[in-house]
Amino acid sequence: MREKKYLSVTAMVMIIFVGVFGFGNIANNFKASGTQSTSMFIMGAIIYFLPMCLIMSEFASYAKDRTGGIYSWIDIGLGKNVAYYALWSYFVANIFYLPTLASRVPTYLSFTLTGDANIGDLPMAIMSAISLLVALLIGIKYEEKFSKISTITGYISLIIAGVFLVGGIGTYMGFFGEPATELTMKSLVMPVDTREHLGSFLSTFAWIIFAYAGSELVGTYVDRVEKPERDFSRGLLLSALLIGILYVLGVISIAAFGTPEAYGEVSLVNAVISGYAFMGSAFGLGVWFIKVIGLVYTIITLVALVLWSQALSKAVFSEAPRGTFPAWMTRKTKGGILKNALIFQTTLSFLFILITTFGGESAGDLYYKIYDMSTMAFTLPYLFLSIAYIKFRKDGCRSPFQLCKSDTLACIIGGLVVLINIAAIIFAGYDLSVPLGEQMDVIKLYYGGLAMFLVIGAVIKRIKFKEEEDASELKKA
């Protein structure tokens with residue numbers, strides 16, 4: 001019998017790092033708020049990301065044999081009905097994210113080959129489809145060995161981020177010339193002294209929460225951790241500290257090489273490489289530097305695509321109640337791989353790519369509108385998880401790892417996370433500083449989309465798929 005291979009704490013940290021940390025999150029928030037987003041990242045890490053990781057650690061060590069991740073944890077606290085809607089929301093948000101992630105692979109590959117994002121719609125569609133296919137094959141054939149690749153990729157990602165951070169911080173320390181953006185204590189803090197400033201503060205903080213999303217994907221690997229009550233918690237805590245620190249230092253570093261206006265002239269995807277392009281220009285580096293960065297991000301993005309595909313299939317299909325989905329979709333291989341679910345996800349992603357590429361302008365606009373409508377669905381699982389934690393502790397459940405010994409204090413911390421999640425849902429779509437009438441289209445898009453997807457989920461929930469009979473029962477018959 002083959003000895004089971006376990007994930008190390010380092011492997012866990014790298015998996016979370018590849019799945020969560022995004023230079024695009026830094027660039028996007030810097031474009032919107034400048035260096036003031038620094039305080040937002042610090043606040044998000046301390047009062048949201050760290051407590052959420054502790055909550056997930058407690059659930060994971062309590063249910064160390066369950067591989068459903070966030071679905072399993074919500075089920076423990078609030079039951080299968082609420083867990084189903086969390087599962088459905090998680091699926092809706094991520095199934096539209098997969099083709100978006102796949103499309104970044106050819107974009108970064110274009111930087112690798114030409115030093116710029118010179119790629120047409122048809123080559124983009126073909127290479128995005130190939131990326132999805134490669135991710136599918138890796139997920140089916142090499143899932144058990146993939147943790148090693150994830151660990152190596154995590155180190156590469158950490159090194160390449162470190163190069164940028166050293167360059168940026170070194171510039172502010174006077175080692176590499178003059179920084180592009182002036183940095184003062186005042187410029188690091190977002191003011192809240194007026195209604196406009198308060199509205200900007202709340203909206204920015206709401207979207208900062210999205211930058212910390214993704215650590216739950218490691219919950220689907222809990223059965224691969226030898227001592228989850230110890231190592232799983234360590235991995236999550238180290239990841240929270242690492243990602244929080246890098247986000248803060250990243251904003252400072254990105255400001256060293258460009259202004260918010262300069263980053264505002266490029267798209268979000270291109271802004272990731274543009275940060276390094278500005279750095280290369282400041283240091284007199286040639287196009288080779290951008291090509292190397294493009295290659296690194298091509299690999300990182302492909303690995304992230306595999307991780308998100310695997311985590312989504314496990315979270316949605318591994319522990320759903322019998323009859324929720326067709327039996328073929330929840331069937332596992334001998335190695336425990338949800339092969340059919342992975343194929344189903346990939347097929348949907350293929351269809352989305354075909355629609356946006358060959359469906360014409362109206363079809364593409366419709367898809368992107370639906371994609372925007374699905375954004376809010378990503379927030380619900382975290383809200384349900386934090387509520388489930390309060391119920392979990394109120395019921396007196398005891399886990400080998402605990403956020404804190406006091407149930408009262410644990411519930412207060414859980415309540416804080418609940419309020420932050422509610423605030424994120426509200427202010428990600430509603431800007432306090434803008435008159436209500438001027439933002440009704442955005443409000444209808446986000447919250448109308450969320451309501452629509454929940455109604456669709458409710459309809460699907462009423463459909464009970466017939467389970468296939470076991471082979472043993474067929475033989476008896």
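Student: Which residues of H4 are buried?

Tutor: Buried means under 20% relative accessible area, exposed means over 50%, and partly exposed lies in between (1.4 Å probe, protein chains only). In H4, the buried residues are Ile70, Tyr71, Ser72, Trp73, Ile74, Asp75 and Gly77. The helix is mostly covered, with 7 of its 9 residues buried. Before we go on, note that this is a predicted model: local features need pLDDT of at least 70 and side-chain atom pairs pLDDT 80 or more, while totals for chains, interfaces and linings use all residues. Residues are numbered from 1 along each chain as its sequence is written, and side-chain values use heavy atoms, without hydrogens or water.

Student: What do the buried residues of H4 pack against?

Tutor: A contact is a pair of heavy atoms within 4.5 Å. By that test, the buried residues of H4 pack against helix H3 (37-62), H5, H12 and H16. The labels follow DSSP runs numbered from the N terminus: helices are H or I of at least four residues, strands are E of at least two. Just after H4, glycine 79 takes a positive phi of about 95°.

Student: How do I read the packing of a helix pair?

Tutor: Two packed helices are described by the angle between their axes and the distance between the axes. The axes are lines fitted to C-alpha atoms, for helices over the stretch in contact, and the angles between N-to-C directions run from 0 to 180 degrees. Here, H4 (residues 70-78) and H16 (residues 380-394) have axes 8 Å apart at an angle of about 40°. Under 35 degrees is roughly parallel, over 145 roughly antiparallel, 65 to 115 roughly perpendicular, and the rest oblique. H4 and H16 are therefore oblique to each other.

Student: Which hand does the crossing of H4 and H16 have?

Tutor: A crossing is left-handed if the near helix is turned anticlockwise from the far one by less than a right angle, and right-handed if clockwise. H4 passes H16 in a left-handed crossing. On the H4 side, the contact uses Ile70, Trp73, Ile74, Ile76, Gly77 and Leu78, and H16 brings Pro381, Tyr382, Phe384, Leu385, Ile387, Ala388, Lys391 and Phe392. By class, this contact has 12 nonpolar residues, 1 polar and 1 charged. The classes are nonpolar for Ala, Val, Leu, Ile, Met, Phe, Trp, Tyr, Cys and Pro, charged for Asp, Glu, Lys and Arg, and polar for the others, Gly among them.

Student: At what angle do H4 and H5 pack?

Tutor: H5 (residues 80-114) packs with H4 at about 150°, the axes being 7 Å apart. That makes the two helices roughly antiparallel. The crossing of H4 past H5 is right-handed. Tyr71, Ile74, Asp75 and Leu78 of H4 meet Lys80, Val82, Ala83, Tyr84, Ala86 and Leu87 of H5. This contact divides into 8 nonpolar residues, no polar and 2 charged.

Student: How does the pair H6 and H12 read?

Tutor: Helix H6 (residues 121-141) and helix H12 (residues 287-317) cross at roughly 60°, and their axes come within 9 Å. The two are therefore oblique to each other. H6 passes H12 in a right-handed crossing. From H6, Ser131, Leu132, Val134, Ala135, Ile138, Gly139 and Ile140 touch Leu302, Leu305, Val306 and Gln310 of H12. This contact holds 8 nonpolar, 3 polar and no charged residues.
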